[in-house]
Amino acid sequence: MNNNALKKSIFVLAFFFSMFNMHSDMLGSYWGLNGTPFMFFRFAIIIVLMAVVTLINKDNLDFIANLVPKSALIFTALVIFDYFITHISGSHFLYRVWWISYIIITLMTVFIVVTLMKYDRYPEFYKRFWLSFTPIYAFVLYICFMRLPSNIDAINMKLGDGTFLMLKALINDFNVGFEAPLMFFGNIIIFVPLPFVLSAISDKFKPPIIMLIGFVVPFIVESYQYIFKCGQVDIDDIVLNFGGFLMAFIVYMLIKKYKLNATEKPDS
């Protein structure tokens, strides 16, 4: 096996190891419930591992650009099948969302590292990556927000008295449980992919339109929950949702300027 093939093999092993991470009550050992601190430790392992194996494959970016989008689609199918049928990732909704979060962190780490590297075919990679990411993102939006009508009728219009309390609970007791970090950080991360996905879907989604969508969607979500009484209407959620989107939008604009719209200088 030559050096290049070895690097590719290492990437594949690290990638699938990271994508199969779970925080499940149906499994034990490394993949099962190990407490909130160990859960964050696994996130750190994934980020560091995928950053390193992507960097050492700087000469194999075409290989990564082909493997990752295809794998994203395959894992989307596995996630949906497990969510409705097998439940290996956990017996409860929140457990299953944690598996999706590990998958997203894995994919995002690869995307960020490739973005920071010099890659002549980056625009093509960008579009393929985010188009392949769109199905799992759409599924996440569906399971998180499109809940069936119920009798939940809770409203919080005081900033800091809703989801922000989850962060306070986590700070006070880092082992408080897996729900607090999922609720707080999840509300930030949930809209992070939105500007990238919209820009990849169609060139008609110009920055002003993307910004408008990112501003309006959190209010639509909370209005849906209010009308159908299927969740707590929380001003904290709107702030966190838009905050996550805004940070991502700024990054998208930088990528658009320096990577997507960059042109090669003519030879002197």
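Predicted model: local features only at pLDDT ≥ 70, side-chain atom pairs only at ≥ 80, totals over all residues.
Mentor: Residues are numbered from 1 along each chain as its sequence is written, and side-chain values use heavy atoms, with hydrogens and water left out.

Trainee: What makes a space a pocket, and what volume does the largest pocket have?

Mentor: On a 1 Å grid over the protein atoms alone, a pocket is an open set of points with protein on both sides within 12 Å along at least five of seven lines, whereas a cavity is a set where a 1.4 Å probe fits but cannot get out. Grid points are joined across faces, edges and corners, and the volume is the space filled by probe spheres set on the points. The largest pocket comes to about 920 Å³.

Trainee: Which residues line the largest pocket?

Mentor: A lining residue has an atom within 4 Å of a point. There are 39 of them here, and Cys144, Leu182, Met183, Gly186 and Asn187 lie nearest the centre. Helices supplying at least two lining residues each include H2 (36-55), H4 (93-116) and H5 (122-145). Helices (H or I, at least four residues) and strands (E, at least two) are DSSP runs, numbered from the N terminus.

Trainee: How many residues of that lining are nonpolar, polar and charged?

Mentor: Ala, Val, Leu, Ile, Met, Phe, Trp, Tyr, Cys and Pro count as nonpolar, Asp, Glu, Lys and Arg as charged, and the others, Gly among them, as polar. By that sorting the lining has 25 nonpolar, nine polar and five charged residues.

Trainee: What is the make-up of the second largest pocket's lining?

Mentor: That lining has 16 nonpolar, three polar and no charged residues. The pocket has a volume of about 440 Å³, and its 19 lining residues include Met108, Ile112 and Val251, which are among those nearest the centre. H4 gives the largest share of this lining, eight residues.

Trainee: What makes the nonpolar surface patch?

Mentor: A patch is made of residues with over 30% relative accessible area and no salt bridge; like charges are joined within 9 Å, and nonpolar side chains (Val, Leu, Ile, Met, Phe, Trp, Tyr) within 5 Å. Areas come from the Shrake-Rupley method with a 1.4 Å probe, and for residues only the protein chains shown count as cover. Here Leu6, Ile10, Val48, Val52, Leu55 and Ile56 make a patch of about 470 Å². H2 gives the most to the patch, with three residues.

Trainee: Why is Ile56 called partly exposed?

Mentor: Buried means under 20% relative accessible area, exposed over 50%, and partly exposed in between (1.4 Å probe, protein chains only). Ile56 has 33% relative accessibility, so it counts as partly exposed. Ile56 sits in the loop between H2 and helix H3 (61-86).

Trainee: How do you know that Arg121 and Asp62 form a salt bridge?

Mentor: A salt bridge is a side-chain nitrogen of Lys or Arg within 4 Å of a carboxyl oxygen of Asp or Glu. For Arg121 and Asp62 the closest N and O atoms are 3.5 Å apart. Arg121 lies in the loop between H4 and H5 and Asp62 in helix H3, so the pair ties together parts that are 59 residues apart in sequence.

Trainee: Which other pairs form salt bridges?

Mentor: Arg121 also pairs with Glu124, with the closest N and O atoms 2.9 Å apart. Asp161 and Lys158 meet at 3.9 Å, N to O. Salt bridges that share partners join Asp62, Arg121 and Glu124 into one network. The structure holds three salt bridges.

Trainee: What is the phi of Ser29, and what is that of His87?

Mentor: Ser29 is not a glycine, yet it has a positive phi of about 55°. His87, also not a glycine, has a positive phi of about 60°. Ser29 is in the loop between H1 and H2, and His87 in the loop between H3 and H4.

Trainee: Why is Ser29 called exposed?

Mentor: Ser29 has a relative accessible area of 65%, so it is exposed. His87, at 25%, counts as partly exposed.
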